[in-house]
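Biologist: I am new to this one. Please take me through it, and expect me to ask how you know each thing.

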Amino acid sequence: QLPAGGSREIRLRLRRDPSAMPFADFEGIFAERKTEADQFYDRVQYGLASADARLVQRQAFGGLIWSKQFFYYDVPQWLNGDPGQPPPPAGRKRGRNWEWQHLNNADVISMPDKWEYPWYAAWDLAFHMIPFALIDAGFAKRQLILLTREWYMHPNGQIPAYEWAFGDVNPPVHAWAAWRVFQIDRRWGGGEGDLAFLERVFHKLLLNFTWWVNRKDAEGKNVFQGGFLGLDNIGVFDRSAPLPTGGHINQADGTSWMAMYCLNLMRIALELALRDPVYEDIATKFFEHFLGIAGAMARDIGQDGVGLWHEDDEFYYDALQLPDGNLVP
């Protein structure tokens, strides 16, 4: 029982041998750990003069660390039920996440939070890894790779969105996060950076990019349909599914995200090409794909463009005319 304005202190310590005096050196150890934490954050916050800003940032880092959680979800086990227990309803076999029977998650993962959203969401996690890279770059890199591993990523190349519908579509920000984490890690660590991480995640993202192109560009015109791409759950209907009247919606946001995806993958390929010229070709490929999407945006979504039409309706993009009249090649 705590009175108004009062406080109580409870000391806990995990030890192998409870018969000893576990709290004899408690004060000293606690003070030492606090000093170590202060020294760690002094380096992270170097150049941040405002004491208030430093406190807010450190609290934010604390919130990120606190939101790590073990997540366990074996989809085949969920569909089939537990041994020795009554079988689940037959409808579960074609219910939520039944298409993800390869998925078996048992990892410590960064969650949106631990009370309302105690499950990972692919694009939330990607955003989390940017600040995480400042305090634990190893964890940030492992998390980004984790969602591309074969027990997470679908065999068709889709990255799982979130627990209640892995097949939903989140904005493709994984490449952007990987590139930013690589940059932050290189800035702190010096040298050429963790190219092995960058190359490893890049190869898996090639599969994911191909999934987007094959599954979310219904007409092959570099205009994408996507789904849950930033409007959260406020849509009148499910943008991932066909319209009630048939057909689909071409989305400016989905198409813009894909243009960004092209540039992120191009930048990663250029970085890798500095060491291995094999990656020059793939960098060019993503630049060309970006221009194709830019041309589609100009043609189909209303901007004035200058370009050439091929007789088979394939659009070769020459330049984008900006509102001020300037042309961008």
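**Q225 and its surroundings**

Modeller: The side chain of Q225 reaches the backbone nitrogen of A218 at 2.9 Å. This is a predicted model, so local features need pLDDT of at least 70, side-chain atom pairs count only at pLDDT 80 or more, and totals for chains, interfaces and linings use all residues. Residues are numbered from 1 along each chain as its sequence is written, and side-chain values use heavy atoms, with hydrogens and water left out.

Biologist: Where is Q225, and what is it in contact with beyond its neighbours in sequence?

Modeller: Q225 is in the loop between helix 7 (195-215) and helix 8 (252-273). Helices (H or I, at least four residues) and strands (E, at least two) are DSSP runs, numbered from the N terminus. Contact means heavy atoms within 4.5 Å. Leaving aside neighbours within four places in sequence, Q225 is in contact with K216, D217, A218, H248, I249, N250 and Q251.

Biologist: Why is Q225 called buried?

Modeller: Buried means under 20% relative accessible area, exposed over 50%, and partly exposed in between (1.4 Å probe, protein chains only). Q225 has 8%, so it is buried.

Biologist: How do you know whether K141 is buried or exposed?

Modeller: Its relative accessible area is 13%, so K141 counts as buried. K141 is found in helix 5 (residues 137-146). Beyond four places in sequence, K141 touches V181, D185, D194 and F197.

Biologist: And what class does E192 get?

Modeller: E192 has 52% relative accessibility, so it counts as exposed. It is found in the loop between helix 6 (174-189) and helix 7. Not counting residues up to four places away in sequence, E192 touches F182 and R186. E192 and E271 are 79 residues apart in sequence, yet 9.8 Å apart in space, C-alpha to C-alpha.

Biologist: What about R15?

Modeller: R15 is at 37%, so it is partly exposed. R15 is found in the segment before helix 1 (26-44).

**Rings**

Biologist: How many aromatic pairs are there?

Modeller: The count comes to 23. Rings of Phe, Tyr and Trp (its six-membered ring) pair if their centres lie within 6.5 Å; planes under 30 degrees apart count as stacked, over 60 as edge-to-face and the rest as tilted.

Biologist: Why is the pair of F40 and Y41 called edge-to-face?

Modeller: Their ring centres are 5.2 Å apart and their planes are at 85°, so the pair is edge-to-face. F40 is partly exposed at 37%, whereas Y41 is buried at 9%.

Biologist: And why is the pair of W211 and W212 edge-to-face?

Modeller: The centres of W211 and W212 are 5.7 Å apart, with planes at 85°, so this pair is edge-to-face. W211 is buried at 5%, and W212 is buried at 2%.

Biologist: What makes K285 a charge over a ring?

Modeller: A charge sits over a ring if NZ of Lys or CZ of Arg is within 6 Å of the ring centre and within 35 degrees of the ring normal. The charged end of K285 sits over the ring of F286, 5.4 Å from its centre. K68 lies over the face of F139, at 4.0 Å from the ring centre.

Biologist: Which residues touch the most other members of the largest nonpolar core?

Modeller: A nonpolar core is a set of buried Ala, Val, Leu, Ile, Met, Phe, Trp, Tyr and Cys residues joined through side-chain atoms within 4.5 Å. The largest has 72 residues, and I109, Y120, M129, L144, F202, Y261 and L265 touch the most other members. Helix 8 gives the most to this core, with 11 residues.

How values were computed: A polar contact is a pair of N or O atoms within 3.5 Å; within protein, one must be able to donate a hydrogen and the other to accept it, and residues adjacent in sequence count only if both atoms are side-chain atoms.
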